[in-house]
Amino acid sequence: MDSDLDSMVRSIVPDKTVVSITGVAAKLGEDSREYIPGILSITEKSIGVFIEWRPSEDPDASWVMTTDDGNSEMVDRSPVEKRNCGARVAFSMDVNDLSSFRIEEPKRGASGFPSIRLICRDGSSQVPLFFRDSTTGEFIDRLQGYITLRRSHRDATLVVVVDQKSEALAKSVSMLDENGDILSRFMQNPYMTAMTGFSKITSFVQDQVIPSVLNDTDAVTQEEKIRLMRELRLAEEHMRVHSDAAGEFEVVTQLDLPPRPEIYRELPVSKELWHSFKLSNGSYDPLKLHHLKMNVFRGGLNAELRKEAWKLLLGYRQWHETDSEFEKRRTELAKQYHNMKSQWMAITEDQEKRFSKFVKRKSLVEKDVARTDRTVPFFQGEDNVNLVHLHNVLMTYVMYNFDLGYVQGMSDFASPLLFVMKDEVDTFWCFVGLMEMTHKNFEKDQAFIKLQMNQLRDLVMIVNPKLANYLESEKSDDMYFCFRWVLVWFKREFSFLDTCKLWEVLWSGQPCPRFLLLICVAILDSQTNIIIDNQFGLTEILKHINDLSLHLKVDEILTAAEAIFHQLSASQDKLPAHICQYLNIGESAVSSSSSSPSKTDSQREDL
Amino acid sequence: MAARNAGGAARPGGPNRTCQFKLVLLGESAVGKSSLVLRFVKGQFHEYQESTIGAAFLTQTVCLDDATIKFEIWDTAGQERYHSLAPMYYRGAQAAIVVYDITNQESFQKAKNWVKELQRQASPNIVMALAGNKADVANKRTVEYEEANAYAEDNALLFMETSAKTSMNVNDIFMAIAKKLPIGPAQGEGPTGTVDMNQPQQQQKGSCCK
């Protein structure tokens, strides 16, 4: 009956648009310079208040591209493409689902537009919106009519929606005012309390105390108050008993790292610079090799150099090889490639009936080639010959390493190689080199992934204990929300070209073998406030991390990761041995140290 | 069509209760798990939907007569190699859709394995549905409707053939699941409704009627 009434009301009461702001453009991705013109509005509907963005319906509304000097130019795209892109990022969300937003103003004196990125309670983020014709003021003012906003204490660009319930909670808890008590400490500064080793208690407070206080926010009886206190003390004592065994961690979590140094990215290595490291016979000066690799680490490579340089970085060509030596070996390797290729090509349909292991691998390759990077022009279209090349490379790798076979994620590694090499044989042998670095990620027991997750957790613990404790309290300290990052080396997080840049930086092997993990730390570090201020739980964290895809700034992340490396290496003597191993000693040493502290040991208190 | 609900809002102060349920999608790689979710949540279809690495998480709300059901959907990677991750995602799930591709007999066998695993390992009251996807290419069918239907009946599964491409039966299968889910007691009985029983307490955000 009520729902009948509701649908009647719905059909009678028209939607009321409270504010509609034109010239609010959506940006497709971090490295994209295209802005889709559109309209941002707040609409009161019978079912709630909604924030909506939709692309402008005006067919002439200009898609603009911002050039590096801040000027705009029109984008040349077909109307259908424009409509599809616009529809893809359009959204309509209930204001009650808004958790926070990031607001960024252009730097003083610089060109650009203020932008807002809305973050939802479920951890997802909307596409960033740029206010091209107006300020963000009106939108925010109107929003305040429905929800209470406040700027994050920790991050001036983050505005959080204040939960009415938690406000009420803060008030009612202030009645439980025992000075110096864990509960009041928790309320004053939940994260500091968590940091000082009480994460178990804070989660106890979140799980047990908060709901019970919430049930009666107006008045907390004296009895209730006493009961809560007693339970908290018990929990606290319990913690003390357990923490005695975890001595080593005290040092770790208390470690004060030096301030993060300011790091700048350098220009990509140019052809001229690269060739200055080359001797006349085409080999590379062994004395300058480290210098060259540092240059690659600091700036990446000019795109035109990749074809030549990746062969070396991936070990297809040896640094000491002269041009003629390499050409000779390359001819030999080409022969080997064609041999292996003809092996699988010769298998007939009839043979396949009795060769299930082969068929299984082949079908996995086929399924994934069809859906790898198909939005990248290089792989677009139905009969794209590059798909055939990609298929051939992966199938030949199956013959090269039949035991490992094909595992999902490998096509992600192969596609940029083909894009750069444009040649099957070269792509294949570069891929073999890349698999040397990454094949452990694809092994059946997944032990190497687990190891990296543990190492990542240990690193976060040192670099950002506040975040590490929060993740633990949300049962997310297995770090599995970073699985995709680690498995395919951020391939899904960055645009194709940014991925190329990130990979060559990693392939330089500088400044340490586990730089990939420091990149993870840098990204997580940058998301600390969003994760904690929005009180994200396990699912929201995963969703938030997934949604960072294509909205990360590769240069910023690389500089942050490098800065973290310097922080850590400056504190080398104070770091636990296993951390030093991740950072300084090669893979073999790391895998022998898999006795890194297990999760059960990690109950700790660092008073 | 009733399944689409703009933004998934519950009416503020309305008589309706909102129940949250965790749903997991399982099945062989490339059978269309992500495509089913994308169709259900965003009404979109991408011909070359990229493979899922790890897991993706999405939410969508549907309205029943007496309750609003919010699905927390875990979309998992299908390849055998990543099987060991699956328990992490189906742990505590109140519903599961096991997907196969009607043009691929092997994927149907895999689906049966998933059903067996869920019967053994998942919450005992889990609501399970079997989806025979890619019904739009029925001319290449290798799994007969009757065969799958009989299997589903034997195992008390909801069953539909679906097409993420044409959207056939996509909303319907989620709606059918929603209707089978235990909707907690009426308001006033506190947060520990029936739905909550199998859930560890830390999942409070995730699994109860409010």
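Predicted model: local features only at pLDDT ≥ 70, side-chain atom pairs only at ≥ 80, totals over all residues.
Visitor: What makes A:Gly29 partly exposed?

Guide: A:Gly29 has 16 other C-beta atoms within 10 Å. Buried needs 20 or more, and exposed needs 12 or fewer. The count of 16 falls in between, so A:Gly29 is called partly exposed.

Visitor: Where in chain A is A:Gly29 found?

Guide: A:Gly29 sits in the loop between strand 2 (24-27) and strand 3 (34-36) of chain A.

Visitor: Which residues is A:Gly29 in contact with, leaving aside its neighbours within four places in sequence?

Guide: They are A:Ser495, A:Leu550 and A:His551. A contact requires C-beta atoms, placed from the backbone, within 7 Å.

Visitor: What is the strand order of the open sheet of 4 strands in chain A?

Guide: The order is 1-4-5-8, and the pairing is antiparallel.

Visitor: Why do strand 1 and strand 8 of chain A stand at the edges?

Guide: Strand 1 (16-21) and strand 8 (91-94) each have a single partner strand, so one side of each lacks a neighbour in the sheet. Neighbouring strands here are turned by 20° against each other on average, direction ignored.

Visitor: How do you know that strand 1 and strand 4 of chain A pair?

Guide: Pairing needs at least two bridges. Strand 1 and strand 4 (residues 38-45) of chain A are joined by 5 bridges, so they meet the criterion. They run antiparallel. A:Ile21 stands opposite A:Leu40 of strand 4. A:Val19 stands opposite A:Ile42 of strand 4.

Visitor: What makes strand 4 and strand 5 of chain A a pair?

Guide: They share 8 bridges, against a cut-off of at least two, so they count as paired. Strand 5 covers residues 48-55, and the two strands run antiparallel. A:Ile42 has A:Ile51 of strand 5 as its bridge partner. The two strands form a hairpin with 2 residues between them.

Visitor: Which helix lies across strand 1 and strand 4 of chain A?

Guide: Helix 3 (residues 137-144) of chain A does, running at about 155° to strand 1 of chain A.

Visitor: What does UniProt place at residues 300-510 of chain A?

Guide: The unreviewed UniProt entry gives "domain: Rab-GAP TBC" for that range. Over residues 300-510 the chain is 64% helix and 0% strand. The end C-alpha atoms of this stretch are 12 Å apart.

Visitor: How do helix 16 and helix 17 of chain A pack, and at what angle?

Guide: Helix 16 (residues 410-421) and helix 17 (residues 424-438) of chain A pack at about 145°, with axes 9 Å apart. The crossing is right-handed. Helix 16 of chain A contributes A:Phe413, A:Ala414, A:Leu417, A:Leu418 and A:Met421. Among the residues from helix 17 of chain A are A:Asp426, A:Cys430, A:Phe431 and A:Leu434. The residues of this contact divide into 8 nonpolar, 2 polar and 1 charged.

Visitor: What is the order of the open sheet of 6 strands in chain B?

Guide: The order is 2-3-1-4-5-6, with mixed pairing. Strand 2 (55-63) and strand 6 (158-161) of chain B are the edge strands, each pairing on one side only. The twist averages 25° from one strand to the next.

Visitor: How do you know that strand 1 and strand 3 of chain B pair?

Guide: Strand 1 (residues 17-27) and strand 3 (residues 67-76) of chain B have 9 bridges, and at least two are needed, so they pair. The sense is parallel. B:Phe21 has B:Phe71 of strand 3 as its bridge partner.

Visitor: Which helix of chain A packs on this sheet?

Guide: Helix 24 (residues 538-547) of chain A does, touching strand 2 and strand 3 of chain B. Its direction makes about 115° with that of strand 2 of chain B. Helix 3 (residues 105-121) of chain B also packs on the sheet, touching strand 1, strand 4 (95-101) and strand 5 (127-133) of chain B.

Terms used: Residues numbered from 1 in each chain as written. Chains lettered and ligands numbered in written order. UniProt positions renumbered as here; feature names shortened; annotations may be inferred. Axes fitted to C-alpha atoms, helices over the stretch in contact; angles between N-to-C directions. Contact = placed C-beta atoms within 7 Å. Left-handed = near helix turned anticlockwise from the far one by under 90°. Nonpolar A, V, L, I, M, F, W, Y, C, P; charged D, E, K, R; others polar.
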